[in-house]
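Keep the viewer open as you read.

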Amino acid sequence: MKSIVSFFKKIRDVNNKSTDRRNKKELISSKLAVNLNRIKEIFVYPKNQDFKIRKISIKSISRVGVILYLNGMVDSKKVEEHIINPLQEEPCNDEKLTNIDLINKVINVSIADEIDTFQEIKKKILDGRTVLLVDGSRKAIYMDTVGFSYRNVEKPTAETVVKGPKESFSESTQVNRSLIRKQLRNEKLITEIMSVGESSPLDISIMYIDDIASPDLVKKIKKRVQDIKADVVQNIAILEQHLEERPYSLVPTVLYTERPDRVAAFLQEGHVVLVDNSPAALVLPVTFWSFFQTAEDMYQRWAYGNFIRLIRLLALLTTLLAPAAYIAMTNFHENLLPTDLLLAITATRENVPFPVIIEVLLMEISFELIREAGIRIPNTIGPTIGIVGALLIGQAAVDANVISPIIVIIIALNGLSSFAIPNTSLNYMIRIMKFIFSFSAYLFGYLGISISLTVTLSYLASIKSFDVPFLSPLSPYYPSSGDTIIRPPVWKQWLRPLNIYPQDKQRKEKVEGDDSND
Amino acid sequence: MIKESDGKIGIREFVSIIVFSIILKVADMTPNLLFKEGMTATWMMPLIMGGYILLPLLILLSLLNRYKSKGLIELIYSITGKYVGFIISFVLTIISLLGTAVNLRDQVDILNTLFFPKTPIIVLLIIITISCYLIAKRGLEALGRTCWLLLPIIIASFILLVALALGEVNLEYIYPIWGPGLSQLFKSSLLHISIFGELFLMTTFYPFVRDDKKYYRGTFYSLFIIITGMVLSFLLYITVFDYPTIQKVAFPFQSLSLYVSIGYFIANVENLFLLFWFIGAIMRFSIYLYVTAAIFAYTIKIEEFELLLFPISLVIISLALIPENSIVAMRIFREDYILKFTWSIFIFLPVFLWVVDRLKGRADDEIY
């Protein structure tokens, strides 16, 4: 018994100690050897071969120093040319030079500053910076020498457009931020950096336009980021799940986008954007329309942009309702079908041994299977999936009288429509919901569909993303440019959507013009 | 000024809620009740009823305006006091509860007769009540927003129906224009005034409407939409089906939607109308459920009235099961018990409140 008690006590002590260590700030001493030992302990040197310690004698102050960095995180050429060379070579022989003078006069790196705790040293080295410890100084100097390798800026893969910019985010915060700033040259565009995660912190850049984004909103988002209690947050996709308000809901409340131009457009409306070393950025708060719209709607001319939006709306409804409507009509409401069509359907179903719901489920699940396989399959054997799928679903199943040809039409249409839903999260939501709709149609026909539709709508109407109602500005109504299902011409969009509570409500003065074509 | 969503609803949502709660009566068995009385002049009855309720409604609204941030039930309590207030509020609860149950039964009977002949009534009742419970549980804000989203669709489909039915219209069917005679028309309109009763019950949510100045306007907008919709649909029923054939048509709206078609090829537009009618009906009963729960909660002074939704749903299901069949439900329960009893309440309650308020002294400083 005693041993158990002491065991728990030990655990508690260990826990306390570790939290103590995390919270306590350890100051750097003035003795280089002491500092070095502590740092070696932190980075498990010499076991860890990637951790580099380079001793140098600093000529300008005639003292010894140590350069610390992680191999692979820094640009070693930069370290050599801009830090080691100047430190070793520039003779000044003025012992009174301080660290600040070193930064100002000797080191040729654009970003450098003083730090004074071991925690900061650890963080800076982990972030890819080089740290210089000088003997006899209670402060260390860190220098920006980040040199990760990352992809070049490539074309977006999930959000492609025909007309418009074709850049997407890459795996580097620097690059991502520069891509955004390239699109949005605004002196009020602010980047704040916060770190998330306890054992290996992730730096997140919070970007917003200072005189547009609502201060309450920014505060709320920062608080939410701060409140994340996680050991490791690996990247922005995981962060998205930490940030959202309803983890079990089917409805996404944070937008994950890989297009810098979209991010710039959202920033101008007063949204807040989170960026890190991930090939995407998070936009919050969002509404249903952010998921439904694409960048191209705006780039195409008014008529074309609205045309593709209406097509997409149709696709969304088809994905959700096509199988359900088919089930409802054939099971409950035969009298609502035109007689010829009803006869055609019955004739093809004559030899099929399954009820409609089984048929639909069978086909839907195989289609989802093809879809998932298509993503996971190695590129080299990719084309096979199409052939197998077409054979399996199309010809063979019909010939074997397992399913009726009409169901192939419905599922094919349904599948095609689902590809037209632009956002991945919305896509999953609709695809999962179509099963619920099919099932309710199987139970109660049109009544079932109506019930599911109304309950879904009322749920969508009730939820909020960071205090912004999900279906706003349509319902509840807020003044906006009316950019929801269809959009007005660009020159008429002079008002920011007020559901995001922007500080500055107008993009520009209202244009007095008429709609005539002359 | 733009406010963050604060649990209150705007004027648009408020109007949509009222419209949804009343206008869909043209698609249940209410027309059958009215055509029995109004004959060829039934289409005038909504206008006359509108005239009747105008004065009591104005009185009620001015009282609500005086007692700021109080809903109907709180108003009744603060004017008439603890005991009388409780009795009146309780009567209103009962009216709302019975009204919901009987209207729900109406709806289920139509569904049962036309679309689900093999499904037991209790199953339909339960499934509809569950969905209404789920919707009502999302709260007043969600109800208002959903109604506002759906209102344009419902209005558009109604306009489509009218447009399509125009081909079947025979204007001569509206003669004799005064139907049973003016005096009879005015009398039966008065007796059926509780068709508009939701307008009164809805004042329970007076403090939840964001701008109380707009409450007046909202009420009249919705009254306008409802009366226009009713007049149009009754005109349509009478000119398409003729009197007295209309009395033999059990479900005028559903029959009308079956009647119309877009050309030869698209003969089955009723698909569309049915879907919207179902959706509208579900919204309507969600609103009824919510209002009933709210009135009851205010009556017994409970803050968290969303907890009451579930027990009230159960009560509504059991009440709706009492009538043996749809004729009993409509003719006896709805007409004889509810309509004939409640019209006087909706007329006299506001007047009574006003008089009591007057007697207690208008310049009373206690009122805030």
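The side chain of Gln293(A) comes within 2.9 Å of the backbone oxygen of Asp483(A), a polar contact (a pair of N or O atoms within 3.5 Å; within protein, one must be able to donate a hydrogen and the other to accept it, and residues adjacent in sequence count only if both atoms are side-chain atoms). Before going further, the ground rules: this is a predicted model, where local features need pLDDT of at least 70, side-chain atom pairs count only at pLDDT 80 or more, and totals for chains, interfaces and linings use all residues. Residues are numbered from 1 along each chain as its sequence is written, chains are lettered from A and ligands numbered from 1 in the order in which they are written, and side-chain values use heavy atoms, with hydrogens and water left out.

Back to Gln293(A), which sits in the loop between α10 (288-292) and α11 (296-299) of chain A. Helices (H or I, at least four residues) and strands (E, at least two) are DSSP runs, numbered from the N terminus. Is Gln293(A) buried or exposed? Gln293(A) has a relative accessible area of 11%, so it is buried; the cut-offs are under 20% for buried and over 50% for exposed, with partly exposed in between (1.4 Å probe, protein chains only). Leaving out residues up to four places away in sequence, Gln293(A) touches Arg262(A), Arg309(A), Arg312(A), Pro422(A), Asp483(A) and Thr484(A), where a contact means heavy atoms within 4.5 Å.

One of those partners, Arg262(A), also turns up among the buried residues of α9(A). Helix α9 of chain A covers residues 260-269, and because 8 of its 10 residues are buried, it is largely enclosed by the rest of the structure. The buried set is Pro260(A), Asp261(A), Arg262(A), Val263(A), Ala264(A), Phe266(A), Leu267(A) and Glu269(A). After α9(A) comes Gly270(A), with a positive phi near 105°.

For a contrast, look at Lys155(A), in the loop between β5 (140-143) and α6 (173-183) of chain A. Lys155(A) has a relative accessible area of 59%, so it counts as exposed. Apart from residues up to four places away in sequence, Lys155(A) touches Lys166(A) and Ser168(A). From Lys155(A) to Val402(A) it is 247 residues along the chain and 43 Å between C-alpha atoms.

Now zoom out to the whole of chain A, which has 17 helices and 12 strands. Its radius of gyration is 30 Å, whereas a compact globule of 518 residues would come out near 24 Å; the radius is taken over C-alpha atoms, and the globule rule is 2.2 Å times the number of residues to the power 0.38. The C-alpha trace of chain A spans about 100 × 80 × 50 Å along its principal axes. Of its 518 residues, 47% count as buried. Among contacts with a separation of 6 or more in chain A, 66% involve residues 24 or more positions apart. Chain A exposes about 26,000 Å², with carbon and sulfur atoms supplying 57% of it; the areas come from the Shrake-Rupley method with a 1.4 Å probe, and for residues only the protein chains shown count as cover.

What does the secondary structure of chain B come to? Chain B has 15 helices and 0 strands. Buried residues make up 58% of the chain B total, and 82% of the contacts between residues at least 6 apart in sequence join residues at least 24 apart.

Ser21(B) lies in helix α1 (residues 11-23) and has a relative accessible area of 0%. Beyond its neighbours within four places in sequence, its contacts are Glu198(B), Met202(B), Arg284(B), Ile287(B) and Tyr288(B). Trp277(B) is in helix α13 (residues 270-299) and is buried too, at 3% relative accessible area. Its contacts beyond four places in sequence include Leu24(B), Phe115(B) and Phe253(B).
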